[in-house]
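Subject: The structure I promised you

Hi,

Here is the structure I said I would pass on. Have it open while you read, and I will walk you through what turned up.

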Amino acid sequence: MLTLRVQNESWMRRKFIAILLAAAVSAQMMGQDALSSTRNVTEPRRAAMAGAGIASAENLSYSAFYNASMIPLSRKTLDASAGWGRFKAGPSVGSLGAAWNIGGKVGVSLAGAFDRGPAYQITDGAGNTAGGFNPSAMRIGLGLGVKIAEGLSGGVSVRYASETPAEGYSFNGFAGDFMLSYRPVERLCVTAGVSNLGTKVKDSAGNTYSQSWAAVAAADWAPVTGVHSVRADIDLGYEIAGKAFGAAAGVEYCFHDIVYARIGYRYATMGSIIPSHLGMGLGLSWAGAHIDFSYLTLGALGGSFALGLGYSF
């Protein structure tokens, strides 16, 4: 009988803690953007430039997460990557992505990212540890890019995302990006569109939340090419629901198409999903294979890092 009581207390306490955590998450989400993890930049080349680079035709692996219209404009046929990183808040993120450019006319991309947060302990009525729980999240994206005219392409990306921040509490939904990209000259490309236009998100308790979409514009410019090359990117975004503005600018220096150094800064107003921070990183490339590392500092994301391996041709 005593055993049954302790087991019941353990079960009740687990449920009570889960309810409290769910209530805290629900309160935090009220009036804010749901499934905000879908905005996280997990690709180390872009992360090193503070998220700038959606108008770049060089980094296509994860274009299903942001801009599939760049695939037909790229000189690459295939770009595939795998990565792992950790955010300052604790969750570790594993990711996979690939993009295929079919004759410069059609491009397809598939990407996935899987987050796992540090475990929190659950105790029973007697104060004994009754187990633990790891918050988690996942997102899968599919992108399609199509050539419209010479130097002009359009793209659409669709993502499914889910988050489980507490035991017995989860929510999920779909979102999409619609982009147009134009390359007026060889060294310049511009992009404009809408990001994260999504469905209502419903949690396991029956509550519904909105996903905030954003109007975005970006440019990629390569002013210097050759043995020493330089590429500069700027991304601008305005989040409609949060009435928040963000701007990221980054520069990449490359020596002999082998050694890369990257740095960037993101400025964001209050309420922006991704806060202000400084990014930096290094990369090596040889015979189509590449390894890249990024580190974020300053602000709430300071201490976050990512490592990626990939191959392209």
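What share of the residues of the protein count as buried? The answer is 47% of the 313 residues. Please keep in mind that this is a predicted model.

**The overall picture**

The protein has two helices and 18 strands. Among contacts with a separation of 6 or more, 51% are between residues 24 or more positions apart. The accessible surface is about 14,700 Å², and carbon and sulfur atoms hold 67% of that area.

**Strand 13 and its neighbours**

On one side, strand 13 pairs with strand 12 (residues 214-224) in the antiparallel sense, over nine bridges. In that pairing, Ala-232 of strand 13 has Trp-221 opposite. The two strands make a hairpin with three residues between them, and Gly-226 there takes a positive phi near 120°.

Strand 13 also runs antiparallel to strand 14 (residues 244-255), and twelve bridges join this pair. Arg-231 has Glu-252 in strand 14 as its bridge partner. This pair is a hairpin too, with four residues between the strands, and Lys-243 in the turn has a positive phi of about 50°.

Now look at the side chains. In a regular strand they alternate between the two faces of the sheet. Strand 13 has a covered face made of Ser-229, Arg-231, Asp-233, Asp-235, Gly-237 and Glu-239. Its uncovered face holds His-228, Val-230, Ala-232, Ile-234, Leu-236 and Tyr-238.

**A closer look at Asp-233**

Is Asp-233 buried or exposed? Asp-233 counts as buried because its relative accessible area is 3%, and the cut-off for buried is under 20%. Its side chain and that of Arg-231 are joined by a polar contact of 2.4 Å. Leaving aside residues up to four places away in sequence, Asp-233 touches several others, including Met-49, Ala-52, Gly-53 and Ser-56. Ala-219 and Asp-220 are also among the residues it touches, as are Ala-248, Ala-249 and Gly-250.

**A pocket and a cavity**

The second largest pocket holds about 880 Å³ of space. Its lining has 33 residues, and Glu-58, Arg-75, Glu-252, Asp-257 and Tyr-260 lie nearest its centre.

How many cavities of 30 Å³ or more does a search of the whole structure find? The search finds one. The space in the largest cavity is about 40 Å³. Among the residues lining it are Glu-43, Pro-44, Arg-45, Tyr-62, His-290 and Asp-292. Helix 2, strand 1, strand 17 and strand 18 (305-312) each supply at least two residues of this lining. Strand 1 gives the most, with three residues.

**Two residues with a positive phi**

Most residues other than glycine have a negative phi, and most peptide bonds are trans. With that in mind, find Ala-50, whose phi is near 60°, a positive value in a residue other than glycine. Ala-50 lies in the loop between helix 2 (44-47) and strand 1 (78-86). With a relative accessible area of 3%, Ala-50 is buried.

Asn-196 is not a glycine either, yet its phi is positive, at about 60°. This residue is found in strand 9 (residues 188-198). Asn-196 counts as buried, at 0% relative accessibility.

**One last stop: Leu-152**

Leu-152 sits in strand 7 (residues 152-166). Why does Leu-152 count as partly exposed? Its relative accessibility is 27%, and partly exposed covers the range between the 20% limit for buried and the 50% limit for exposed. Not counting residues up to four places away in sequence, Leu-152 touches Leu-73, Lys-147, Ser-181 and Tyr-182. Leu-152 and Thr-191 are 39 residues apart in sequence, and their C-alpha atoms are 9.9 Å apart in space.

Enjoy exploring, and write back with any questions.

Best wishes

Definitions and conventions
Residues numbered from 1 in each chain as written. Predicted model: local features only at pLDDT ≥ 70, side-chain atom pairs only at ≥ 80, totals over all residues. Heavy atoms only, no water. Buried < 20%, exposed > 50% of the residue type's maximum accessible area, 1.4 Å probe, protein only. Contact = heavy atoms within 4.5 Å. Areas by Shrake-Rupley, 256 points an atom, 1.4 Å probe, with all protein chains shown as cover. Polar contact = N/O pair within 3.5 Å; in protein donor to acceptor, adjacent residues only side chain to side chain. Pairing = 2+ DSSP bridges. 1 Å grid on protein atoms, 1.4 Å probe; cavity = no way out; pocket = protein on both sides within 12 Å on 5 of 7 lines; lining within 4 Å. Points joined across faces, edges and corners; volume = space filled by probe spheres on them.
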